[in-house]
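This report treats charged side chains and their surroundings. Please consult the sequence and coordinates alongside the text.

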Amino acid sequence: MLRLLRRFILRLIERWGRNEGSPTIKFDNRKIAVASEYPLRTGQNIFLRLIGANAFYLSLPANAYGIVVYPDGTTRNLAGGLHEALPGLYKLYYVDRRERFDVTMPISEMALDGEKLILTVIVRYRVFDPKEAFRIEKPIETLIEHLQTDLAQYIRTHNHNDIADSPTESDSKILAFFSQRHANRDPLCKAIALTGIELKEFTGDKEYINIRRNEVIKRLQDQIDKAQLDRQKEIETIKTEHKAEIEKINAKAAAEQTALRSEILHESNKRDILLDEMRRQSQQRHELVVKAVDAISQALEHSGYARNTAEIKSAIADLLSAIREDKPEAVQGTSKSNTASSPRASGNDKIEDLTNTLLNLLKPRK
């Protein structure tokens with residue numbers, strides 16, 4: 001029965017705590033811990049002591065850890081919720097769990113290359129172990145003092161160019177430098193973690209800055225001039241290649257044109273030769289036909305000599321048939337065979353043979 005009653009009372013305490021909700025906590029600059037106005041008490045009621053229902057409900061906002069100092073002086077980092085505890089007074093402190101930032105004061109030092117620089121950085125950090133942070137007196141002031149010392153050491157151990165180069169690269173170098181030195185500071189490194197360091201202000205010698213600016217401008221101008229020269233060379237190379245390609249195309253076209261002209265001239269010469277041959281054959285045929293006609297005329301004339309009329313008539317018929325068969329043909333082109341074996345040459349030979357045969361028949365016989 002007492003066990004059930006005790007469980008019921010604990011549930012009531014938890015419900016009351018949930019219904020009250022978590023408080024709103026505001027943290028001042030460089031203050032990570034705030035004491036609660038209402039300490040936690042247990043065991044005030046004798047009845048609760050008798051049944052062993054000694055507990056408190058811890059309501060925590062989202063932006064804070066809960067550090068509870070027990071009556072015996074020990075500290076614990078407790079999560080929000082119901083916690084059973086011995087009768088007594090428990091002090092509650094809220095520790096900021098958000099990422100915070102701070103700004104160092106301007107630090108003036110001589111750089112490694114003899115240039116006087118003034119730097120200011122923005123530091124981002126958060127509480128890593130609230131119990132350790134709670135034990136350190138003024139942890140944020142201590143952290144900033146160490147970082148300012150580190151910033152002076154950073155200027156002394158680096159050249160002006162290393163610090164003044166690309167902001168992103170410089171910030172990463174500074175963060176690595178500060179993180180390495182921060183890791184050697186115990187217990188501060190366990191309590192607070194560095195999450196980022198950015199260069200806020202950079203001031204150097206004006207004359208040196210002007211010289212550096214002129215060097216940067218000259219380097220950029222050299223890069224532009226080099227790029228333009230490379231582009232001009234590329235254009236000239238393209239022009240040369242284009243000209244060579246055009247000359248190659250023109251040479252090929254000229255060679256093709258020359259070959260075409262040669263072929264046309266060759267065909268023309270062949271046609272002229274063929275035409276000359278045809279003229280010659282035509283002239284020869286004409287002469288043969290005239291000779292044949294004369295022979296036929298002589299055969300038809302009256303002669304005082306005895307002749308074989310049947311043979312003469314047969315020869316005249318063969319001769320006329322050969323003349324009729326041997327008609328002039330149109331020019332067929334340059335692909336014909338040479339005239340020595342052409343039908344025209346055979347026809348002319350036949351006419352000539354038949355004419356000679358007829359003339360032989362017309363000769364008087366002894």
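## Salt bridges

A salt bridge is a side-chain nitrogen of Lys or Arg within 4 Å of a carboxyl oxygen of Asp or Glu. By this rule the count comes to 15. The model is predicted: local features need pLDDT of at least 70, side-chain atom pairs count only at pLDDT 80 or more, and totals for chains, interfaces and linings use all residues. Residues are numbered from 1 along each chain as its sequence is written, and side-chain values use heavy atoms, with hydrogens and water left out.

## Bridges between distant elements

Helices (H or I, at least four residues) and strands (E, at least two) are DSSP runs, numbered from the N terminus. Arg 156 and Glu 109 form a salt bridge with an N to O distance of 3.1 Å. This pair links distant parts of the chain, helix α4 and strand β9 (residues 107-110), 47 residues apart.

Glu 198 and Arg 124 likewise form a salt bridge, at 2.6 Å, N to O. Here strand β11 (residues 192-203) is linked to strand β10 (residues 116-127), with the partners 74 residues apart.

## A buried pair

The side chains of Asp 96 and Arg 100 meet in a salt bridge at 2.8 Å, N to O. Both Asp 96 and Arg 100 are buried, where buried means under 20% relative accessible area, exposed over 50% and partly exposed in between (1.4 Å probe, protein chains only). A network of salt bridges links Asp 96, Arg 98 and Arg 100.

## His 158

His 158 lies in the loop between α4 (139-156) and α5 (160-164). His 158 counts as buried because its relative accessibility is 18%.
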